[in-house]
Amino acid sequence: MAFFSSLLSRSLARARSISGLSLRAIALRSFASKDEKIDASAYHLSGGSSFMRGTVFWEPNKPLTTEEFHMPHPKAGEILIKTKACGVCHSDLHVLKGELPFATPCVVGHEITGEVVEHGAHTDSGIIKRFPIGSHVVGAFIMPCGNCFYCVKGQEDLCEAFFAYNRAKGTLYDGETRLFLRNSGKPIYMYSMGGLAEYCVVPANGLAILPNSLPYTESAILGCAVFTAYGAMKHAADMRAGDAIAVIGIGGVGSSCLQIARAFGGAEIIAVDVQDDKLQKAKTLGATHTINAMKEDVVDKIKEITGGMGVDIAVEALGKPKTFLQCTQSVRDGGKAVMIGLAATGSLGEVDITRLVRRQIKIIGSYGARARQDLPKVVKLAESGVFDLSAAVSRKCKLEEAGNAYRDLDSGSIVGRAVVEIM
């Protein structure tokens, strides 16, 4: 009897829900190819939102499609965000090209800003007080669980749950995704929070308040491009004022490294790339010297600039074997070579072992920063104007144009960072 009562209740609830939909919303359908534009205003019930749009990656080298999803719901310790903007990052591109294995189909996009619209049931009152409904937030791509061995030690960038569940399985930390297609109920996996959607669920530990003085669109890059650069300079490199820095690869993350190096008081800040337009832009972001790797020997030129010594810190932001070697060869004795560029699975980098041993060369990997410790500091850098957000973002586009943005990123035609506006 209880079963039939429950079934009847669900049926009545569904009927009420359908009756609240506009005729326009009922007429909308999902298509394998989403060339048609969908009016987002049709996606709202009188009592709230019932479903949303999101961009789905199905398999490598296939077009992204815009699909309809059931409205995602947060669980304890999680927050539902109305997404305002999402950055276009090379990490996503590695997944889209099949260079980094990830669960499919999935929603990519991992540097977001948005508005808090719902807290998960049984969420701690402290989280609710810190992130009240309506507050503006920015999300870090590394979303720490807060409870594992590394999180307890303060090394949230090594969070066990993040890598075991999100990066290995495409889920949150109960082993389940929060994304399900509206037409079939099929589960869709999440790269970080799955930011290329109108709403996303984010563990509260991965969020920081975004001041009203900072814009949603430009601030999206704080959660990955700037967050990654800050982690590399602050924790991996332990950069000090007066250090000489080289950054190899001036994309979104590399250009952020230039600004962070300037903020931390770098003496010589050397930008290395193969495109003159990116190098010209680098001069406005803090670079004191530029090197076109197609025209000059990178290592020789860096040593010439530094009086034969090499730099205190070299940062590799491309993830290529050739630039890995350049990075290690560019540092002075006792210097640090910091690797932040992701590479295709199985890629290997060479190193001169004898020099590494005799001259105390330090090779350090750095994936990102620490959300609870560092994301508020990154926000303050932007709020104070020390980090220039407007100079870092070079292109804005709509959700339906995300596929084009990734293609342009792959071709090298985006200087700086592109951001998808979802407002």
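**Close-up views, with legends**

**View A. The surroundings of Glu111.** Leaving aside residues up to four places away in sequence, Glu111 touches Ala85, Cys86, Gly87, Val88, Gly139, Ala220, Ile221, Gly223, Cys224, Ala225 and Arg417, where touching, or contact, means heavy atoms within 4.5 Å. The model is a predicted one, in which local features need pLDDT of at least 70 and side-chain atom pairs count only at pLDDT 80 or more, while totals for chains, interfaces and linings use all residues. Residues are numbered from 1 along each chain as its sequence is written, and side-chain values use heavy atoms, with hydrogens and water left out. Glu111 is placed in the loop between E6 and strand E7 (112–119); helices (H or I, at least four residues) and strands (E, at least two) are DSSP runs, numbered from the N terminus. Because its relative accessible area is 0%, Glu111 counts as buried, a word that stands for under 20% relative accessible area, whereas exposed stands for over 50% and partly exposed for the range in between (1.4 Å probe, protein chains only).

View B. Most residues other than glycine have a negative phi, and most peptide bonds are trans. Is Ser192 buried or exposed? With 0% relative accessibility, Ser192 counts as buried. Asp238 is partly exposed, its relative accessible area being 33%.

**View C. The cis peptide bond between Thr104 and Pro105.** The bond that joins Thr104 and Pro105 is cis, and its omega is about -5°. Pro105 is found in the loop that runs between H3 and strand E6 (106–107).

**View D. The crossing of helices H8 and H14.** The axes of helix H8 (residues 225–236) and helix H14 (residues 371–383) come within 10 Å and cross at roughly 110°; axes are lines fitted to C-alpha atoms, for helices over the stretch in contact, and angles run from 0 to 180 degrees between N-to-C directions. H8 is therefore roughly perpendicular to H14, since angles of 65 to 115 degrees count as roughly perpendicular, those under 35 as roughly parallel, those over 145 as roughly antiparallel and the rest as oblique. On the side of H8 the contact is made by Val226, Phe227, Tyr230 and His235, and on the side of H14 by Ala371, Asp374, Leu375, Lys377, Val378 and Leu381. Sorted by class, these are seven nonpolar, one polar and two charged residues, where Ala, Val, Leu, Ile, Met, Phe, Trp, Tyr, Cys and Pro count as nonpolar, Asp, Glu, Lys and Arg as charged, and the others, Gly among them, as polar.

**View E. The two sides of helix H16.** In helix H16 (residues 402–411), the buried residues are Ala402, Gly403, Ala405, Tyr406 and Leu409. They cover an arc of only 160° around the axis, so they lie on the same side of H16; the arc is that of the directions from the helix axis to the C-beta atoms. Arg407 and Ser411, on the other side of H16, are exposed. Strand E5 (78–88), helix H3 (90–96), strand E19 (393–398) and strand E20 (417–421) are the elements against which the buried residues of H16 pack. After H16 comes Gly412, with a positive phi near 85°.

**View F. The largest nonpolar core and a second one.** In soluble globular proteins, nonpolar side chains tend to be buried together. Here the largest nonpolar core has 62 residues, and Ile221, Leu222 and Leu258 have the most contacts inside it; such a core is a set of buried Ala, Val, Leu, Ile, Met, Phe, Trp, Tyr and Cys residues joined through side-chain atoms within 4.5 Å. H8 supplies the largest share of this core, eight residues. Leu258 touches Val247, Ile250, Ile269, Ala271, Ala282, Leu285 and Ala287, when residues up to four places away in sequence are not counted. A second, separate core of 49 residues includes Met52, Leu172, Leu399 and Leu409.
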